[in-house]
Every structure is written in structure tokens, then in C-alpha cells.
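Hello,

Here is the structure I promised to pass on, and my notes follow below it. Please have a look whenever you find a moment.

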Amino acid sequence: MAWATPSVAQQPAGGDSSQWKQLTIQELLEMDVTTAARRADPIRNAAAPIQVLTPDDLHRAGVRYLAEAFRLADGLYVGRFDGRTWIVNRPGLAINGANKMQVMIDGRSIYSPLFSGIFWDAQDVLIDDIDRIEIIRGPGASLWGANSVHGIINVITRRGADTQGTLVTVGSGNEERAITDVRYGGRISEKAAFRAYAKYG
């Protein structure tokens, strides 16, 4: 069980789950995705099988870690190699250090230059800050580079202007006895905003 207590009223751009429930099928097909063709296009025009995970999907599943969120996607294998190492790859390729799937946060590759793989424990994104996750299955090397042989994952976070104020999330479970997330967002000027967060558990 978890509680979120914002001290300042927020109107998140992509975090309000009610907006997705109110859309018709036609409106959902018109939703823009940016990963498939490296530009904003309606999802119905995507030339590849693409899946979009919304904040509502992540909260309903109780997702705590970024790699764990990919378990909600079709056509991906997600497992844990040890206490801190995750495996994210195509089904049947459950090997540690797989480097043939392009993973990005806000369009920036998160691969380590040490082995062209990902240190998943270092990608500690606050789940409440994720606007959507776009997942493309199949090769995309012509657009996204050599690492995107098996697919592309782009995690898109919310703008700093949409995460103003303080957010505190507290929870507990049978495996993690104490879970705490704290985030604070503010404005530097009319056009510049910032946010800082810390996680425990």
C-alpha cells in the first residue's frame, strides 16, 4: 500500500489517468508517438508494432523500478539476474549484458560505453515522473543505430513545469519494509523549471 501526498495542486500532462479513460478508440489512434519515425506521428501511422505504456498502467501494476515497468509490454522478457541486475531482452535471449535493444530516456541512449549494455540499477527514474513509455518491437537500426536490432524503448518523462511542488510517496511490503519517494519541483524563471528527487527502499 502506498500514499501520495502532494503539497501543491498539480495538473500533470500525462499523469492524470482519467484523461485516458475518457478518450474514444479514434482519439487513442490519433495519440502522437515519437519513437517510431523520430518525429511526432499519430500511433495509427506507425510503420512498426508499437506499444505505449501510460502512467495509469504503471500505477495499477505497482511498478517500483524502471526495468520492472517493461514487464507490462508484449514481446519482452524481463527478469532479475541477481539482487541488482535486470535482464531486458527479447523472449529466448535471457542473457545478462544483452546489447541489441536500444533503450533511451527522453531520446538519450542510456547504454554504458564499457560494454554497450545497461546498468539497470543506475537508472533509478522516479515512476511518478514518467509521462509514457514507447516500445517498438523489431529492427530499427536504420533510424536508431546498431544497438536497435531487437527493438527500441524510449522512456519519456514529464516536463519540469508539470511537476511543481512537493510529492511524498510512502509504502511498505513483505519484501521491502520501507519505501519512500520524495520529489520537489520549482521554477527558476518563466521558461525554466527544475525538479529533484530521492528514493529509499
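I call a residue buried under 20% relative accessible area, exposed over 50%, and partly exposed in between (1.4 Å probe, protein chains only). This is a predicted model, in which local features need pLDDT of at least 70 and side-chain atom pairs count only at pLDDT 80 or more, while totals for chains, interfaces and linings use all residues. Residues are numbered from 1 along each chain as its sequence is written, and side-chain values use heavy atoms, with hydrogens and water left out.

Let me begin with the salt bridges (a side-chain nitrogen of Lys or Arg within 4 Å of a carboxyl oxygen of Asp or Glu). The count comes to nine. Helices and strands here are DSSP runs (H or I, at least four residues, for helices; E, at least two, for strands), numbered from the N terminus.

Strand β12 (residues 179-187) takes part through Asp181 and Arg183. Arg183 meets Asp129 at 2.4 Å, N to O. Asp129 is buried at 2% relative accessible area, and Arg183 is buried at 1%. Asp181 pairs with Arg64 at 2.8 Å, N to O. Arg64 counts as buried at 11%, as does Asp181 at 8%.

Helix α3 (residues 55-60) holds a local example. Asp57 and Arg60 form a salt bridge with their closest N and O atoms 3.1 Å apart; they are three residues apart in the helix, so about one helical turn separates them. Arg60 is exposed, at 59%. Asp56 joins Asp57 and Arg60 in a network of salt bridges.

Now for the interior. A nonpolar core is a set of buried Ala, Val, Leu, Ile, Met, Phe, Trp, Tyr and Cys residues joined through side-chain atoms within 4.5 Å. The largest has 26 residues, and those touching the most other members are Leu66, Phe70, Trp120, Ile130, Ile133, Ile153 and Val155. Two or more residues come from each of α4 (66-69), β6 (86-89), β7 (102-105), β9 and β10 (151-157). A second, separate core has five residues, among them Ile50, Met104, Ile136 and Trp144.

What surrounds strand β10? Seven of its seven residues are buried, so the rest of the structure largely encloses it. One side carries Gly151, Ile153, Val155 and Thr157, the other Ile152, Asn154 and Ile156. Strands count as paired if DSSP finds at least two bridges between them. β10 runs antiparallel to β9 over seven bridges, with Arg137 partnered by Gly151. With β7 it pairs in the parallel sense over four bridges, and there Ile105 has Val155 as its partner.

Finally, the loop between β8 (108-109) and β9 (130-137) contains Ser112 and Phe115. Ser112 is buried at 12%; beyond neighbours within four places in sequence, it is in contact (heavy atoms within 4.5 Å) with Gly117 and Phe119. Phe115 is partly exposed, at 32%.

Do let me know what you make of it.

Best wishes
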